Amino acid sequence: MPEPLRCTGSIKTRDLRFSRAMIFAIKEINNSTELLPGIKLGYQIYDSCASVTVAVHVAFQLSNGLDPVFYTGDNCSQSGMVKAVVGETGSSPSISMSRIIGPFNIPQVSHLATCACLSDKQQYPNFFRTVPSDQFQAEALAKLVKHFGWTWIGAVRSDSDYGNNGMASFLDAAHREGICVEYSESFYRTHPRSRIQKVADVIRRSTAMVVVAFAAFGEVRLLLEELALEPSPPRQWIGSEAWVTDTELLRFSFCAGAIGFGIQKSVIPGLRDFLLDLSPSKVAASPVLTEFWEDAFNCRLGKSAATDERVCDGTEDIKTLQSPYTDTSQLRITNMVYKAVYAIAHAIHKAVCQKTNSTTQCDKFTRIESKEVLTQLKKVNFSRNGYDVSFDANGDPVARYELVNWQKSESGSIEMVTVGQYDASLPVGQKFRINRNLTWVDGGTQVPMSVCTDSCSPGTRKVLQRGKPICCYDCLLCPEGEISNDTDSPDCFPCPKEFWPNAERDTCLPKPVEFLSYNEVLGIILATFSVGGASLAIITAAVFYRHRTSPIVRANNSELSFLLLFSLTLCFLCSLTFIGAPSEWSCMLRHTAFGITFVLCMSCVLGKTIVVLMAFKATLPGSNVMKWFGPPQQRMTVVSFTLIQVLICTIWLVLSPPFPMKNLTIYKKRIILECALGSAIGFWAVIGYIGLLAVFCFVLAVLARKLPDNFNEAKLITFSMLIFCAVWITFIPAYLSSPGKFTVAVEIFAILASSFGLILCIFAPKCFIILFKPEKNTKKHLMNKNES
């Protein structure tokens, strides 16, 4: 036969207080004239020694018969079957008990079994509890960790149903909050010390500042004792209610700053007096109380067999004892026991009692079945000492917690201070609140940091590190043209088309708008040359007009000369339309004005060239060609050639005119304001027509360059056309390859260069003779063919 089950170790005085609170509640109920008048509740108390095996043994005893460990109370008129069970303290023993007594419909109300698995009514239909489920605590702990910005934590747990299920719920909630776990270790109080040492070493070597411990008191005590042997880096402890509100652990000073959720503190009137009311006869009558008394006062009741042991007689003053048994300042779980007893009493009340004429009548002769108590437990809803008691469909109460913080007092000792609340019944966003300042690890006032990687600042994006959790990442600068304006942004976003990031790449700024303006050096220079060229043409015209009767002016067709000077003035001035911000009118004007004025200019030059050729033909005997190309014909030639260009420009403007546009493709960081051509065919038709006239004029000038004349104007026209053609041939590739405003600058330069070429080649030699060599401005000199 196996050896009988025995409990080892000393009695846990906190649990003794729980059992005494149950007795206190039963005595209150038995003395009440309202709840169960005329009915006395009996009880049996068993010690499971925190062992699943012992708990299973007790469950079978409860189901089969009575085998009391100790018994206190009045004699009962009848000793029936067990109607309900208060307990167990642990989740694993509670699971085992529920599976055994559940088929007998015996209700079980636990005061501290918090495993979320026990809410499954398919497996545990008889289970109720006055303590909230760990599912609520796990979610509250995850929100607490997230609230303080901790994303890199360590986790330890009891290797039991309580620890494993509670930690699984916490890790699931933490994952939803974006929290990463560096390690997750489990151990149990019965494991060899090497296992606990391994867990302690993992905590010491870790980089996570925060440690979440979802463990029972026994496991945490062993772990902290191991950590106390060898100094370890400071750690911020986050605790579950099973240990964070246990005053016995406050002796570990390196855990100062620990925070966690605990069951709400409560007040039970008369309990402290009941706990301290231990007469020598009561102590001697109970083996458990005897063991407690001897441990508390370190003595032996009665005669001592050993000479070195102190003898005590039961008269010692228990009020001076500093023990969890006598400490009623933090009544948390004790109140859960108290409420469990009253919940069962209210269920029995609903089954056998009726209220008539403001008095309660109970049928004490009715033999109530445990199944009926189970049914009525689901409906109980009452208030005791200001605390509501009810169960939902899963047998769970409303989840309410206090947030406790281990703070160092002025004397240096650690105190447990309530700093906030969590109420699962409140709307989202209002469940969790902190109403006092917290102290942290080593008594600090600043929230410690616990992250795998520092936050990525705006302007960067997170890139996960290969093979590591999502909380471990690198911060990369946003690509060109993109920004991120949030901390820890996973992506960068491109700026709108007309915006560009600042240097930090966290804000989109409007791109600077660029065009050839009068305020910049290049615009001023080109405008100066444009105005200077127009002034030069006007001055030349003035000189010609003043000397209009001189031979050199009359010999070179003065009418066409003045018309040419007028067209050159317009050519110089039309370049001004290319400077400044493009508008709808300026875009249409600049190209058409340029095309028409240059055709007018080429028409005049062509007319002068033809006049030279015709004049030479007219000197031949019998030639009357000049009558076919006199002044009227010259005017018609100029008008006809110009009208053709006017027609081309009109068609262009009607079908697809130039228009202002914002060019976003040439430069990434700037917007170029320019005139779109509208129709490229129209633009190149205008340019092509000018080029055709220029080539035609150049060919005629070349043919007339060696005519025997002392001042042959054809040579000057040849040079001018040579410069003109060279300028516009080089203009085409330069125009196509120049970016932005330099495209406009190239076009203006071509206009000015060709205009200056014409005025300097054709008119400069004549003005030089008129102003500085008047002796050559004679008919004789012009007609002298032998003079070079």
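Which helices and strands are among what covers the buried residues of α3?

## A helix under cover

The cover includes α2 (52-64), β1 (85-86), β2 (108-110), β3 (127-129) and α5 (161-176). Elements here are DSSP runs numbered from the N terminus, with helices (H or I) of at least four residues and strands (E) of at least two. Helix α3 itself (residues 91-101) is largely enclosed by the rest of the structure, because 10 of its 11 residues are buried. Buried means under 20% relative accessible area, exposed means over 50%, and partly exposed is in between (1.4 Å probe, protein chains only). The buried residues of α3 are S91, S92, P93, S94, I95, S96, M97, S98, I100 and I101.

## About the model

What you have here is a predicted model, in which local features need pLDDT of at least 70 and side-chain atom pairs count only at pLDDT 80 or more, while totals for chains, interfaces and linings use all residues. Residues are numbered from 1 along each chain as its sequence is written, and side-chain values use heavy atoms, with hydrogens and water left out.

## Disulfides along the chain

A search of the whole structure turns up nine disulfides, each being a pair of cysteine sulfur atoms within 2.5 Å. Let us look at some of them in turn.

One of them joins C452 to C472, with an S to S distance of 2.0 Å. This pair links distant parts of the chain, 20 residues apart: C452 sits in the loop between β17 (432-434) and β18 (460-464), and C472 in the loop between β18 and β19 (473-477). The link of C452 and C472 is right-handed, with 105° about the S-S bond. Its two ends are worth a look as well: C452 is partly exposed at 28% relative accessibility, whereas C472 is buried, with a relative accessible area of 1%.

## Two left-handed links

C478 and C492 are also joined by a disulfide, at 2.0 Å from S to S. Here C478 lies in the loop between β19 and β20 (482-483) and C492 in the loop between β20 and β21 (493-494), so the pair links distant parts of the chain, 14 residues apart. With -75° about the S-S bond, the link of C478 and C492 is left-handed, and both cysteines are buried.

Another disulfide connects C495 with C508, S to S 1.9 Å. It bridges distant parts of the chain, 13 residues apart, from C495 in the loop between β21 and β22 (499-501) to C508 in strand β23 (residues 508-510). Because the torsion about the S-S bond of C495 and C508 is about -90°, this disulfide is left-handed. C495 is buried, with a relative accessible area of 13%.

## Cysteines without a partner

C571 is in no disulfide. The nearest cysteine sulfur to that of C571 belongs to C601, 4.8 Å away. C571 counts as buried, at 0% relative accessibility.

## A serine beside C571

S755 lies in helix α21 (residues 741-772) and is buried, with a relative accessible area of 0%. Leaving aside neighbours within four places in sequence, S755 is in contact with L568, C571, F572 and F598, where contact means heavy atoms within 4.5 Å.
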